[in-house]
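Subject: The structure, and what turned up in it

Hi,

Here is the structure I said I would pass on. Have a look at it first, then read my notes below.

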Amino acid sequence: MAFSTKLPLALFLSSLFIHAALGEIVCEELPLDVCAFSIASSGKRCLLETSAGAAKDGGVEYQCRTSEVVVERMSEYIETDQCVKACGVDRSSVGISSDSLMEPQFTSMICSQDCYQNCPNIVDLYFNLAAGEGVFLPDLCEKQRYNPHRAMIELLSSGAAPGPVAIEAGLVATPASAPAPEPALF
């Protein structure tokens with residue numbers, strides 16, 4: 001009887017040792033302080049999420065989870081502290097969102113030489129988030145360098161929904177479906 005209760009524990013521990021021995025990165029096994037901006041061995045992004053159950057002290061509890069977002073050219077990667085600092089991202093960010101691209105200070109950090117040229121993981125993430133908003137990150141960065149105010153106006157206007165008059169008049173064009181271009185810097 002004692003053997004049957006120890007078997008599941010032994011299997012669990014052996015699976016952890018196998019992952020460690022093989023050098024595999026599993027999001028759910030990462031420490032919370034390196035979860036965000038990491039990529040699992042499967043090629044899927046890791047993200048920090050709030051736990052379904054609240055912490056015992058009434059605070060928020062966090063967990064590292066595997067997202068469904070697959071990174072095409074990278075796997076088994078934990079972002080460096082240098083890139084986190086250079087790109088102005090926060091490891092305690094919950095989830096993945098393009099909202100930060102609306103902040104001129106953040107966009108200038110992502111577009112900086114230190115980030116854009118040296119941190120392909122973070123740039124790839126925000127390239128894809130920007131593309132989801134209909135914005136080509138290299139163009140946004142170019143505009144950011146020369147006219148940051150104009151770059152923000154264009155980003156904000158990229159997701160504007162047409163009004164009812166435009167729809168009734170048939171003035172709404174449907175975009176052609178095309179794959180998002182890849183960043184040219186890598």
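One term before anything else: I call a residue buried when its relative accessible area is under 20%, exposed when that area is over 50%, and partly exposed in between, using a 1.4 Å probe and protein chains only. The areas themselves come from the Shrake-Rupley method with a 1.4 Å probe, and for residues only the protein chains shown count as cover.

This is a predicted model, in which local features need pLDDT of at least 70 and side-chain atom pairs count only at pLDDT 80 or more, while totals for chains, interfaces and linings use all residues. Residues are numbered from 1 along each chain as its sequence is written, and side-chain values use heavy atoms, with hydrogens and water left out.

Disulfides

There are five disulfides in the structure, a disulfide being a pair of cysteine sulfur atoms within 2.5 Å. If you count the bonded cysteines along the chain, the pattern is 1-3, 2-4, 5-9, 6-8, 7-10. Helices and strands below are DSSP runs (helices are H or I with at least four residues, strands are E with at least two), numbered from the N terminus.

One of the disulfides joins C35 to C64, with the sulfur atoms 2.1 Å apart. C35 sits in helix α2 (residues 32-35) and C64 in strand β3 (residues 62-70), so this bond ties together parts that are 29 residues apart in sequence. The S-S torsion is about 85 degrees, so the C35 and C64 disulfide is right-handed. Both of these cysteines, C35 and C64, are buried.

C83 is in helix α3 (residues 81-87), whereas C119 is in the loop between α5 (113-116) and α6 (120-132), so parts 36 residues apart in sequence are tied together. C83 and C119 are both buried.

The other pair is C87 and C115, whose sulfur atoms are 2.0 Å apart. Its torsion is about 100 degrees, so the C87 and C115 disulfide is right-handed. This one runs from helix α3 (C87) to helix α5 (C115), so it ties together parts that are 28 residues apart in sequence. C87 and C115 are buried as well.

Salt bridges

I get six salt bridges, counting a side-chain nitrogen of Lys or Arg within 4 Å of a carboxyl oxygen of Asp or Glu. Among them is the one between D124 and R45, at 3.2 Å from N to O. It links distant parts of the chain, with D124 in helix α6 and R45 in strand β2 (residues 44-50), 79 residues apart. Both D124 and R45 are buried. R45 and D124 also belong, together with R73, to a network of salt bridges.

Another one connects E49 and R65, where the closest N and O atoms are 3.9 Å apart. That pair goes from strand β2 (E49) to strand β3 (R65), 16 residues apart. E49 has 32% relative accessibility, so it counts as partly exposed; R65, at 33%, counts as partly exposed too.

Then there is D81 with R91, at 3.2 Å from N to O. D81 is in helix α3 and R91 in the loop between α3 and α4 (104-110), ten residues apart. Which of these two partners is buried, with a relative accessible area of 11%? That would be R91, whereas D81 counts as exposed at 57% relative accessibility.

E24, E28, E29 and E76 form a negative surface patch. For a patch I took residues with over 30% relative accessible area and no salt bridge, joining like charges within 9 Å. Lys and Arg count as positive and Asp and Glu as negative, with His and the chain ends not counted; the place of a charge is NZ of Lys, CZ of Arg, CG of Asp or CD of Glu. E28 itself is in the loop between α1 (2-22) and α2, and at 40% relative accessibility it counts as partly exposed.

Finally, S67 is in strand β3 and counts as buried at 7% relative accessibility. S67 and I39 are 28 residues apart in sequence, with their C-alpha atoms 9.6 Å apart in space.

Cheers

How values were computed. Patch = residues over 30% accessible without salt bridge, like charges linked within 9 Å, V, L, I, M, F, W, Y side chains within 5 Å.
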